[in-house]
Every structure is written in C-alpha cells, then in structure tokens.
Amino acid sequence: MTAVTPITTGRRPPAGVSRSRRGRAGWVFVGPFMAVFALVFLAPIAYSLYLSFFRDQLVGGTSFVGLDNFQRAFEDEQFWAAVGRVLLFLVVQVPVMLGLALLIALALDSGRLYGKSFFRIAVFLPYAVPAVVATLMWGFIYGTRFGLVGNINEALGVSLPDPLSPSLVLASIGNIVTWEFIGYNMLIFYSALRVVPKSLYEAAEIDGAGEWRVITAVKIPAIRGALVIATIFSVVGGSQQIKEPSILQSLAPNAITTYFTPNLYTFTLSFSGRQQNYAATVSLVMGVVTMIIAYAVQLRGMRKEA
Amino acid sequence: MSAPSFTADQTSRRSTHRAPAPRRAARRKHSVARPRRSTVLTLLMGLTAVYALMPLAWLVINATKTQKSLLDSFGLWFSGEFALWDNISQTLTYDDGIFVRWFLNTLLYVVVGAGGATFLAVLGGYGLAKFDFAGKRAVFATVIGAVAVPATALAVPTFLMFSKMGLTNTPWAVIIPSLISPFGLYLMWVFAAEAIPTELLEAARVDGSGELRTFFQVALPLLTPGIVTVLLFTMVQTWNNYFLPVIMIKNPDWYPLTLGLNAWNQQASTAGGQPVFNLVITGSLLTIVPLIAAFLLLQRYWQSGLAAGSVKG
C-alpha cells in the first residue's frame with residue numbers, strides 16, 4: 001500500500017475560482033463513499049472504544065471501569081491462545097500459499113506450458129466458491145464416515161489420521177484457505193508479471209543470465225509491490241478467520257473450541273456469553289495486533305525494496 | 001513502468017500480446033522471451049489443476065447420488081441411480097421451497113449490496129483520481145488504514161449499533177455494511193487514473209459540460225473494464241457473506257444461501273435431525289454455478305481490471 005503513488009491530475013485548472021469549484025466537485029464524488037464509510041467503519045470503531053471502558057452487569061447495571069477490560073484482555077489466556085493459534089497459522093499457511101501461487105504464476109508467465117489459459121482459469125476457479133460451500137465440501141471430503149478419507153481407508157485398508165482431529169484440524173483449515181485463495185493470489189502475481197517490460201528479460205539474457213537467474217534477479221524484484229500487497233491481504237484475512245472454523249465446528253466439535261480463533265472468541269463472548277463490552281475490547285485488541293503484523297510486513301517489504 | 005492502456009479490445013488481443021518481442025528474438029531458436037514448451041512443467045501444473053478442481057468434481061459427482069448411496073459409495077465416482085434431477089427438485093421444494101427464498105434473498109443482497117458498493121467505489125475512485133480537494137490525503141489515509149482493520153472485528157459493534165437503530169433482522173443489516181469496499185475504491189482509483197486522460201475531461205469542461213454530465217458521458221464508458229472487475233469482486237464478497245448475516249439475521253426467511261446451507265448441514269449433524277446431506281451438496285452446487293458462470297463469461301474484463309490494480313500495487 002505504500003507503493004501507491006497518489007495520482008495527481010496532470011494539469012491544474014488555470015484560475016483559483018475554477019479550482020475551488022473543482023474542489024467541491026471532488027467531494028460530490030467522494031462524499032457518498034465517505035458517508036457510508038463513516039457509518040459502517042468509523043462509527044463502530046468509535047462505539048467499541050466507548051463500550052470497552054464500561055462494564056454491564058445484571059446487578060448494578062452499566063458502570064465505567066476505565067482500563068479494566070483491557071487489563072483482563074491482556075491476562076486472558078484463552079484469548080492469547082487463540083492469537084497464538086492464528087499466528088502459527090499465518091507463519092505456515094501464508095508462505096505456503098503465496099509461494100505456490102508465485103510458482104504457478106511464474107510457470108504461466110514462462111510461456112512453457114501447454115494449455116496455459118486452461119490452467120489459469122482452473123486454478124482461479126475456487127475463488128468463486130463461497131467459503132461456506134468450500135468448507136462444507138472439504139468437511140465432507142475430510143470425513144472418515146462417507147468422505148474421501150473414509151473411502152481411502154476402506155479401499156486400501158489403511159487408517160489415515162483423521163483430518164478433523166485436534167492435532168490436525170488447524171492444518172486442515174489451512175488447506176481449505178489455501179485452496180480458496182491460491183488462484184486469486186496467483187492471478188495478482190501473474191497480472192503484475194505480464195506488465196514487466198520484456199526488454200528487461202532480453203537484456204538479462206544477453207548478459208548471459210539463465211531462466212532461473214532472470215526469475216530471481218528480474219521478475220521477482222519487479223513484482224515486489226504485488227507480493228507485499230498480497231501478503232498484507234493474506235495476513236489480515238488469516239487473522240480474521242471465523243467462517244471455516246465455525247462451520248467445521250459441527251463436524252469436529254472436540255477439535256474446535258469456542259475460542260479457537262480470536263474472532264470466534266469474540267463471537268462467543270458477545271452472543272453466548274452476553275459480555276458485549278468485553279467482546280468489544282477483545283475486538284479492538286485483535287484489530288491492533290493485526291495492524292501491527294500488517295505494518296511489520298509492509299516495513300519488511302519496503303526495506304527490501306530500498 | 002510502462003503504463004498499459006486498459007481497454008477491452010486490448011485484452012481481447014491478449015493471446016498475441018507477446019508478438020513484438022518474439023519477432024525481434026526470432027533469430028535465436030529458444031530464449032526467455034520465446035521458450036520451448038515443457039511437458040514436465042505442464043504435468044506439474046496438471047497437479048495443481050487437479051488440486052483446484054478435485055473438490056468441485058467431488059461436488060458434481062455427489063450431487064448425482066441419493067442420500068443412501070452418498071453414504072456407501074466411493075466419493076470420486078458415480079454410483080447408484082442418477083439422482084441429480086431428483087436432488088435438484090427436492091432441494092428446491094424442501095421445507096416449502098425455502099431454498100428459492102434464500103436464493104432470492106442472496107440475489108437481493110448481491111444486487112443492492114454489490115451494485116451499491118460498486119457505484120460508490122466508482123464515484124469515489126474517480127473523484128480521488130481526477131480532482132484535487134481539501135482532505136484528499138485524509139481520505140486516503142483513513143481508507144487505507146481501514147483495510148487493515150479486521151472487518152469481522154467490526155461485526156460485533158456494528159451489530160450493537162444496528163440493534164439500537166432497529167435494523168437487525170432486516171435486509172438492511174446485511175446490505176448497508178456491504179456497501180463499502182475499500183479494495184474496490186482503491187482499484188477504481190488506480191484504474192480511473194490510468195484509463196481517463198485528463199485532457200479529455202478538460203475538453204468536456206471547455207465545452208461547458210457540468211462535472212456530473214462529464215462523469216456519466218465521458219468517464220463512465222472508459223471505466224467499464226474496471227467497473228466489471230469491482231462488480232465481480234464485490235459480488236463474490238456479498239455472495240460469500242457469512243459472518244455478518246449470522247450475527248444480524250435470526251429469521252430464516254431472511255437468510256442468504258450460505259446461512260441456509262449451513263443450517264441444513266447442522267440439522268443433519270444434530271441428533272434427531274433429518275439428515276439432508278444430499279440437499280446440502282446439491283444446494284452447494286446450485287449456489288456456486290451462477291458465480292462460476294459469471295467469472296467464466298466475464299473473463300476478459302476482470303483479468304484486465306486486476307492487471308490494472310497490480311500495476312500500481
């Protein structure tokens with residue numbers, strides 16, 4: 001996102017009068033977006049900040065408690081266990097998914113494939129599948145009852161480890177998320193690769209660079225911006241996880257606790273636990289944690305760029 | 001960085017976009033710019049295609065099975081009687097045709113939510129790309145900052161707010177939050193900056209055209225590929241919407257498809273509930289067909305639109 005160059009209009013209007021008129025016109029276009037944005041983004045943030053300073057009790061009603069909720073969040077083992085789980089997930093899943101997506105994009109871009117456009121669309125297609133449907137599908141496939149895993153066990157007389165057992169369920173979720181988004185990320189990388197000037201490859205080749213060297217020295221640096229953006233989106237998306245675990249919960253109630261991810265925990269707190277003030281606090285803390293991670297990714301990406 | 005012009009006809013010529021380079025390199029037989037096709041690499045890619053398509057194949061195959069043969073046949077091959085049509089009609093009529101109702105709800109959320117989100121993003125992106133105005137930097141900073149805020153973390157406070165406003169359990173509770181797509185705004189901004197020559201706008205102004213008229217008559221046609229892209233991606237998002245409706249909607253009559261399917265699945269898993277796995281599977285298939293069709297039919301538009309986004313990205 002740092003790579004965004006704010007685009008200024010090429011030519012300035014000549015006179016001051018017309019400039020202020022144009023200024024108002026700018027707000028006519030941006031205003032509607034910002035108004036709704038304020039309602040659904042800024043107001044809820046402000047509201048949860050407000051909520052986080054209060055406590056609502058059956059006896060005694062609402063009372064101002066200062067930073068008590070935050071203190072509780074920082075000492076909350078369930079919350080930090082959930083954060084740790086999500087971090088573990090991010091550290092493994094995001095590099096695997098983006099690495100594979102990059103390899104596929106490079107393969108498509110290399111021009112060495114037969115049936116390139118088929119592969120491009122085939123790998124992308126899962127993105128069009130809603131997460132709920134994807135999770136239900138994979139949930140069935142994982143099933144030892146009538147799923148593929150069960151079929152394979154039966155056919156080969158083996159017993160594969162249950163993908164929905166507590167020790168494997170995080171990896172199984174990682175697989176679902178990877179399946180859903182690998183094509184989307186591949187396409188972002190591929191689109192970025194396509195606009196790298198071909199003359200750069202030729203120049204490198206004349207200098208005696210082999211294909212692998214062209215990839216590491218020319219192609220990957222040229223799409224660093226796209227890599228950083230995709231990493232940030234994947235990190236933010238991964239840390240918000242709730243759909244996949246909450247849908248798999250009915251299939252794997254023992255493996256997925258009500259505080260499996262921070263979001264699932266907030267959801268449980270506010271709807272089953274009716275602790276909305278504390279839920280708002282946890283949301284805020286998680287938002288800050290996510291932003292710190294996203295910011296760190298961005299800094300790292302920029303430093304390499306320099 | 002070379003700035004390609006993103007017009008529909010450019011993408012239709014995609015297959016030949018490498019034409020100039022190979023011609024220059026034609027003296028050599030194979031090079032980075034014109035490589036030899038590789039069977040090994042194609043086979044490796046075949047594996048990824050199998051990974052991507054296998055679950056979809058599983059879904060199609062199992063939508064043709066009855067509830068009974070679903071449980072006792074091999075998942076990746078057909079078995080028993082061909083029950084696809086039975087399953088479809090059962091899905092559509094089960095529980096007084098609630099699936100059709102969910103489908104119409106989803107359509108409503110998608111048309112109003114994704115359509116509205118695209119409209120706001122197009123207007124805003126155009127305004128950011130082509131006008132200088134007070135507060136532009138602040139707009140940029142706020143929206144980019146908001147992308148990093150976990151949207152689902154907003155869901156709980158939004159619910160509390162909306163319940164005070166009496167909006168929960170109504171379609172508005174799902175529609176209003178889907179009207180904002182920061183990614184759509186960003187994409188339209190980049191796209192409008194590339195696709196609309198400022199000179200063209202100046203010319204229209206000189207001719208006395210008002211700003212809104214200039215937008216609709218001059219700018220909008222040039223933005224078409226970007227608009228289709230944003231529309232498709234916001235559509236996917238709204239179609240995909242799950243967490244927000246889970247929180248906002250308690251009445252099954254206002255469920256979107258995703259919630260309905262999950263409700264059927266849970267019904268099947270609870271003791272005493274009627275197992276309707278065949279309906280969950282057939283319903284899932286019916287849910288993804290429209291989206292996959294849209295992506296396949298509109299390929300040339302969204303691919304060029306995404307390309308525009310990644311240039312600046």
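Contact here means C-beta atoms, placed from the backbone, within 7 Å. Helices (H or I, at least four residues) and strands (E, at least two) are DSSP runs, numbered from the N terminus. Ala, Val, Leu, Ile, Met, Phe, Trp, Tyr, Cys and Pro count as nonpolar; Asp, Glu, Lys and Arg as charged; the others, Gly among them, as polar.

A word on the model. It is predicted: local features need pLDDT of at least 70, side-chain atom pairs count only at pLDDT 80 or more, and totals for chains, interfaces and linings use all residues. Residues are numbered from 1 along each chain as its sequence is written, with chains lettered from A and ligands numbered from 1 in the order in which they are written.

Now show both helices whole: residues 131-142 of chain A and 277-297 of chain B. Their axes come within 10 Å and cross at roughly 140°. Axes are lines fitted to C-alpha atoms, for helices over the stretch in contact, and angles run from 0 to 180 degrees between N-to-C directions.

Stay on H5(A). Is it covered or open? Mostly covered: twelve of its twelve residues are buried, among them Trp138(A), Gly139(A) and Phe140(A). Buried means 20 or more other C-beta atoms within 10 Å of a residue's own, with C-beta atoms placed from the backbone. Check the helix length too. At 1.5 Å a residue, the twelve residues should span 16 Å, and the end C-alpha atoms are 16 Å apart, which agrees. The expected span is 1.5 Å times one less than the number of residues.

Next, select the whole interface. It takes 90 residues from chain B and 96 residues from chain A. On the chain B side, helix H3 (residues 39-62) gives the largest share, eleven residues. That side has 61 nonpolar, 22 polar and seven charged residues.

Buried residues make up 46% of its 313 residues. Select 276-298, one of the stretches that UniProt lists as "transmembrane region" in an unreviewed entry; such annotations may be inferred rather than shown by experiment. This stretch is 91% helix and 0% strand, with end C-alpha atoms 34 Å apart.

Definitions and conventions
Contact = placed C-beta atoms within 7 Å.
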